Amino acid sequence: MKRIYFVLAFTAFGFNAFGQKTIDQKVSALLSKMTLEEKVGQLVQYSGFEYATGPQNSSSANVLNEIKQGKVGSMLNVAGAVETRKFQELALRSRLKIPLLFGQDVIHGYRTTFPVNLGQAASWDLKLIEKSERIAATEASAYGIHWTFAPMVDIARDPRWGRVMEGSGEDTYLGMQIGLARIRGFQGKGLGALDAIMACAKHFAAYGAAVGGRDYNSVDMSLRQLNETYLPPFKAAAEAGVATFMNSFNDINGIPATANRYILRDLLKGKWNYQGFVVSDWGSIGEMVPHGYAKDNKEAAEKALLAGSDMDMESRAYMAELPKLVQEGKVDPKLIDEAARRILIKKFEMGLFDDPYRFSNEKRQQEQTDNQENRKFGRVFGSKSIVLLKNEKNILPLSKSTKTVALIGPFGKETSANHGFWSVAFKDDHQRIVTQFDGIKNQLDKNSTLLYAKGCNADDQDRSMFAEAVETARKADVVIMTLGEGHAMSGEAKSRSNIHFSGVQEELLKEIEKTGKPVILMINAGRPLVFDWAADHVPAILYTWWLGTEAGNSIADVLFGTVNPGGKLPMTFPRTEGQIPVYYNHYNTGRPAKNNTDRNYVSAYIDLDNDPKFPFGYGLSYTQFKYADMNLSSANLKGSQTLKISVSVSNTGNYDGEEVVQLYIRDIFGKVVRPVKELKGFEKVFIKKGETKTVTFTLTPENLKFYDDQLNYDWEAGEFDIMVGTDSRNVQTKRINWLK
Ligand code: GLC
């Protein structure tokens, strides 16, 4: 008994059970020695000089001096064992020798690049996603990186927004599960482990709801919609212990996220009791001046800090203005202490005070420079991210002994484009990437022939290569077309008003189709594209996103059937831009269309069918899966009972394969209107040909909760449709009644 009091006494005075000072105690001791300028210095982050991931505004000279003077807390875009050591040595020359945090955008892999995140989401494979981030963290930490600005957990329903490529699509539940898997991957065994890096939930908040899908544009929505659709992945991340948050560029209902007290103080640091720190997005503090929310950087710095933005990335407002604001009594020095404390706690947790150079180790870096195991994983992950959209007459998989294959299109021999946007550009990438041409060539039989013609560029009006491409197609038994987006056509500041194939790609496809040769279309993109003509005329279509270092091998594995594709779309694919926003979990309205072509006084366009081109959750396989015997544990439930749902899935085709079984519900009536479907569960199952597996789900009232117009989060008694199926359109439904 005595021991417990002893421990309690120790803890009360800030010591742990072993009599050592707790981190909180160490931070308090350090803060007590720091000047106001040194404390503000911890709130400052600058970009390195190699490359900028935003409009650059820091000159190299004063940054290096400020580091030496202890006026910088973190650098981003500085990487490598040698480079990080150099900067850390500068920081250790400051009076209190407080080490720097090194941050970088480790978004979909590091030295080994993995599929763009929307492609990863198409795998619906949380284990693969978590493992990919574990690998990324191992590689990045070996390159001296302490902190990744990921996962991006922005829900996005508008494919015109270029940053859909780095998220998990339109669904809150799927996005939340994937975001948590990424955080587990990055932070691994916990901060302090040599292969763990701090994760960062971004962009807080609702950045994906920018009006018109135009990057950085305004967001205006009810707090109900904000809490119902856009905030849950962030709340889950905070509860899961994500080390940091990053706020977003957009204003939310007229107040920039960077100084939005509702999300930062009331929710994140208040209701959610978040203990990590918030970094602004690049320059977003200073951008409150053009937003028209601050008259100058001084007012911007005041508003951002008071609202709860702890660290200033690249706007230089904090260092320039906060000391003055404290001296003028406009900012309480306690708030500076609070922000600095949150940041210093992370530096202690990362072990940087014990050894500031522990991540800057050239030997470790060398071991992670070309890790073959990681490449093997990347190849598997790439193939699992591919979505089979069409396969008429089972033209796929191709035989490896096909006599002559023609690969035609602007991406067949692409190298670094396979990385997609947000990949760290390493100088040797060109040699390390497996191109689509090489991947296919590696797997074709020796006496088969692989022809190649570029046919056109990704995004211009040059038709001069058409003739050669048509000629090449004529010589082949089968043509593989590779069309889509160049890697810089999706990503930050890459919103597109027209998401059809760019340039003359579709014209090239039509010319090739006229040859009468069987055509397989591969679409490489970071987002859903509109390809109505191709979808109606080409017999086989694979959505191959941008798959990273092993792209060519991943693609060939699927083309030749080594891997049976099992990907499912994490976003709805519209028929045309005019249909946007179109997403599966919409409300029913008072005049829902009765079918795809109903236009009679219903919510529809008079010039377009109502269904999207491909629905959320859609994806085919080389085999066929038959759903039967959907069973519920009860059709009438009460209170906190659990509903068990089971369904048997049979593989009735000729290939073993994976199927993502999806569970949706519909709350038939509510105190606010409710979506026609809500994803509440999914299970990816491997089923051998001829086999049957039973998949089970459970639901409790917790899964039925929603925000009402007063922001109460609860569930209501009533009728619910329970649905299971292979995508959000093709489901079996049973109705239940659930009383409180
Ligand atoms: C960029 C992005 C953000 C990224 C940051 C640092 O502007 O919006 O996602 O992490 O700057 O590169």
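Which strands does helix α23 (residues 551–559) lie across? Helix α23 lies across β14, β15 and β16 (540–543), running at about 145° to β15. The structure is a predicted model, in which local features need pLDDT of at least 70 and side-chain atom pairs count only at pLDDT 80 or more, while totals for chains, interfaces and linings use all residues. Residues are numbered from 1 along each chain as its sequence is written, and side-chain values use heavy atoms, with hydrogens and water left out.

**The sheet**

- An open sheet of mixed pairing is formed by 6 strands in the order β11-β16-β15-β14-β12-β13; two strands pair if DSSP finds at least two bridges between them.
- β11 (387–391) and β13 each have a single partner strand, so one side of each edge strand is left without a neighbour in the sheet.
- From one strand to the next, the twist averages 15°.

- β12 runs parallel to β13 (residues 449–453), joined by 5 bridges, and Val 405 has Leu 450 as its bridge partner.
- β12 also pairs with β14 (residues 478–484) in the parallel sense over 4 bridges, where Ile 408 is partnered by Met 481.

Methods:
Helices (H or I, at least four residues) and strands (E, at least two) are DSSP runs, numbered from the N terminus. Axes are lines fitted to C-alpha atoms, for helices over the stretch in contact, and angles run from 0 to 180 degrees between N-to-C directions. Contact means heavy atoms within 4.5 Å.
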